There are 2 protein chains.
Amino acid sequence: MTVNIQEALTDIVGPKGILTGEDVSQRLDGWMGAPQCQAKAIVRPATTEELSAVMKLCHQNDQTVTTHGGMTGLVGGAISSPEDVVVSLERMRNIIEIDAENRTLTAEAGVTLQSLQEAAEGIDLFYPVDLGARGSATIGGNIATNAGGNRVLRYGMTRDSILGLEVVLADGTVVSSLSKVIKNNTGYDLRQLFIGSEGTLGIVTKAVVRLRPKPRGEATALVAVEDFNHLTRLLSLAEGALSGGLSSFEVMWNDFYSLVTSFERHKAPLPASSPFYVILETQGNSDEAEQERLEVLLGEALEQELISDAVLTQSVSEREKVWAIRDDIEALLSLNPIHGFDISLPIPAMQGYLDTLRQDLDQHFPDCRLVVFGHLGDGNLHVIIGQVPMEDKKRLDEVVYRGLSPLGGSISAEHGIGHEKKPYLQYSRSENELSLMKTLKLALDPKQLLNRGKIFD
Amino acid sequence: MTVNIQEALTDIVGPKGILTGEDVSQRLDGWMGAPQCQAKAIVRPATTEELSAVMKLCHQNDQTVTTHGGMTGLVGGAISSPEDVVVSLERMRNIIEIDAENRTLTAEAGVTLQSLQEAAEGIDLFYPVDLGARGSATIGGNIATNAGGNRVLRYGMTRDSILGLEVVLADGTVVSSLSKVIKNNTGYDLRQLFIGSEGTLGIVTKAVVRLRPKPRGEATALVAVEDFNHLTRLLSLAEGALSGGLSSFEVMWNDFYSLVTSFERHKAPLPASSPFYVILETQGNSDEAEQERLEVLLGEALEQELISDAVLTQSVSEREKVWAIRDDIEALLSLNPIHGFDISLPIPAMQGYLDTLRQDLDQHFPDCRLVVFGHLGDGNLHVIIGQVPMEDKKRLDEVVYRGLSPLGGSISAEHGIGHEKKPYLQYSRSENELSLMKTLKLALDPKQLLNRGKIFD
């Protein structure tokens, strides 16, 4: 007997909990410019119990399920097919508990990153993960993709801020690990298994996040550096001198700094004549104390000739002007069509990789523009390649990714694999690693119903 | 055809690689006072390839394998039976690579924690995980048990310092994930699956650890606190004021402080009349700078009446005297027979838990002594109960552990489950969590040959 899946789903979640027809196709499959969503239905359970029943039904009927978070992913992780049912937790947006004393917050997966950050601020605490997409991205999506962002150097990735999880498995089983303690060596760390698995092993429904003390002051400097080796020495010096206070160490290669500061909206605080620029930011107890610590550091760095020039910002507006350079993604659009890559490398291998990449690009795409910036402290580079036609994307991907493998680099530092980077996963992972991943997938989702075809086939 | 397993193993590892007979029984199954080791043989492969061949052989012959690290575990994780083969990586003690610029170190699993720490210091860097057992404990054992120790507040557990792993699975497959990058969102985080799995999913053979800048100065204070609620407020204040510099926040309940300082070898820096004492330590750029930061903090804490008294140590010897109180485990032996428990709790639940525990102990063990200290910032308490006969251990375990479950506490913060805590695992983990752990075990080790009977049956 065939079940009418739409009817059966409606029986579980009620009419408010299901979208079909045009309500489905009006949605996009991802970020700006993504294609229309295709699916039998978008199911929007209001509780973990409803989701559990939905998954049980789908499991019994061999129905594939694609998960939607805030739809801000960059690797096509949310793409579905007309045969799929899409699950979105957009109706599970409750903050369940804020424990100021224990410094934890328990939230449903559909809560946006920004709501979560604001709830933490409401009790004078701080959730450190931060991304440009904070207004739409959900904590469930952040967990599924192990989101990184602007403060990884000091606070780590999403993985490092999650204490407990509740997850619904492919067969509807609810696994509740909503632990609120930091140290918990009691068997396998199930939470870590689900974090970063891009919804292929289970659907996160609730999470306990760890909050931190809110920084009460900060200081920001922009410095010019003449030699790649000086960058790493400067990073070490800064981490030592600012002890745990260093919150950003953002490097802009000259090609990036020159391009962005060529726009009139910026007044370049330093001339665009050095090969590297770094934004240093420290957070601590008061603006004055951090300003002083950063000043001492800059003095020492000048003395050791690690930097050739420096601007220590003296006001909020000066600070914002420096960050505006780093954040001016719009300036990059002048190189359209552009292609962004998010890669990791061991720091000593970075400059060599970029030199080779530049040569390869000159050979294969003589008209292209290469622009580089990134979180050097995390080994994470954002490589932007402009003026390459969209139809050459696959060839370009090959050129960028193939050089990473011999250097121990990663084809995805923060963004994940999803659908888009799947063909290149073997550049970062060995055959035995992939085979072990597949063993785990089959153990948890033997029918391969959850986000089928994401990460690997 | 039956294989003579000892002969077949000798063929793989050579005569130097295998111990049998008295060489086995001369070893202990664990720490001080543990029983003699029982096993068919102790196999000591010299390379990953040898271990892979050993595991393949054992897999083909349904031979159970127990793993030995530095034998400093506290939960009987290394206990073997006469039917087991023991694998020890004590001949795999090479540090393979030190990358000063990338701040990573790659080591074989048999390297002791202390050797690893010293190798890092040799290049003016720092491996932050530290334990009393550093001279014997191996990095492989630290990873298998996700060791914690003295600096978790600032640097996290072993889990947070491991970038890459090489693991041999139960069937001999070598999975190499020796990544040296911090950010690597390329599929499942296999490394996290093995860390803390107590050798039941695979045997760690190599690891890439993350090194940190070496702190150049520190400052230490001992303070008296009159109210449990003031402890958490002091912690928040300290984390804020010292920004990332706070490296220790060790709380001693009065029962601990009174007992230890009653010994003549200590001169109590503060009278034993307050309910709580805290050791605060900050690490940073110079002794002077940290001293100053700590002094400002203490002033603020006194003003807010969070502390009633304080001693800011002025010299290395004064600092050592304060730490000697916290570290005087010998003083606890005066309460023999003693039983140590390593538990976690959400901070707001701690005092209530201890009050109830005290009442339960009064009822069931009226002659016992309860002594408490711990890493408050991590939610981790060390609960010492003295003057309870060894034969009452099981009853005592029940009393300590049963109260944790309703409060969301953990029966093992750092030490793991091993053999000893197995009966109580259900106090920290739900049925569905345990069932998912068993699914993972069966997926990776379907014959259940690796550390059989550890963590769960």
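**Exercise 1. Cis peptide bonds**

Locate P337(B) among the secondary-structure elements of chain B, and state the geometry of the peptide bond from N336(B) to P337(B).

Solution. Step one is the place: P337(B) sits in the loop between α12 (329-332) and β16 (339-344) of chain B, where helices (H or I, at least four residues) and strands (E, at least two) are DSSP runs numbered from the N terminus. Step two is the bond, and the peptide bond from N336(B) to P337(B) is cis, with omega near -10 degrees. Step three turns to chain A, in which N336(A) and P337(A) are likewise joined by a cis peptide bond, with omega about -5 degrees, and P337(A) belongs to the loop between α12 (329-332) and β16 (339-344) of chain A. For context, most peptide bonds are trans.

This is a predicted model, in which local features need pLDDT of at least 70 and side-chain atom pairs count only at pLDDT 80 or more, while totals for chains, interfaces and linings use all residues. Residues are numbered from 1 along each chain as its sequence is written, chains are lettered from A and ligands numbered from 1 in the order in which they are written, and side-chain values use heavy atoms, with hydrogens and water left out.

**Exercise 2. Positive phi**

Give the phi of N451(A) and of I455(B), and decide whether each residue is buried or exposed.

Solution. N451(A), although not a glycine, has a positive phi of about 45 degrees; this residue lies in the segment after α15 of chain A. With a relative accessible area of 2%, N451(A) is buried, the term meaning under 20% relative accessible area, with exposed over 50% and partly exposed in between (1.4 Å probe, protein chains only). I455(B), also not a glycine, has a positive phi of about 65 degrees, is placed in the segment after α15 (431-444) of chain B, and is buried at a relative accessible area of 0%. As background, most residues other than glycine have a negative phi.

**Exercise 3. Helix α3 of chain B**

Solution. As for burial, T48(B), E50(B), L51(B), S52(B), V54(B), M55(B), L57(B) and C58(B) are the buried residues of α3(B). Beyond the helix, α3(B) is followed by D62(B), whose phi is positive, near 50 degrees.

**Exercise 4. Salt bridges**

For the salt bridge between R159(A) and D189(B), state the N to O distance, and then explain what the pair joins.

Solution. A salt bridge is a side-chain nitrogen of Lys or Arg within 4 Å of a carboxyl oxygen of Asp or Glu, and the structure holds 52 of them over all chains. The side chains of R159(A) and D189(B) meet at 3.3 Å, N to O. Because R159(A) lies in the loop between α6 (152-155) and β8 (162-168) of chain A, and D189(B) in the loop between β9 (174-177) and α7 (190-194) of chain B, the pair joins two chains. R159(A) is buried at 7% relative accessibility, and D189(B) is buried at 13%.

Solution. D457(A) counts as exposed at 68% relative accessibility, whereas K422(A) is buried at 18%.

**Exercise 5. Relation of the two chains**

Solution. Copies are superposed by least squares on the C-alpha atoms of residues with pLDDT of at least 70 in both. Chain B is laid on chain A with an RMSD of 0.0 Å by a turn of 180 degrees and a shift of 0.0 Å along the axis. That is the relation of a two-fold axis. In chain B, the C-alpha nearest the axis belongs to G244(B), 1.8 Å from it. The same surface serves both copies, since 100% of the contact residues of chain B recur in chain A, contact meaning heavy atoms within 4.5 Å.
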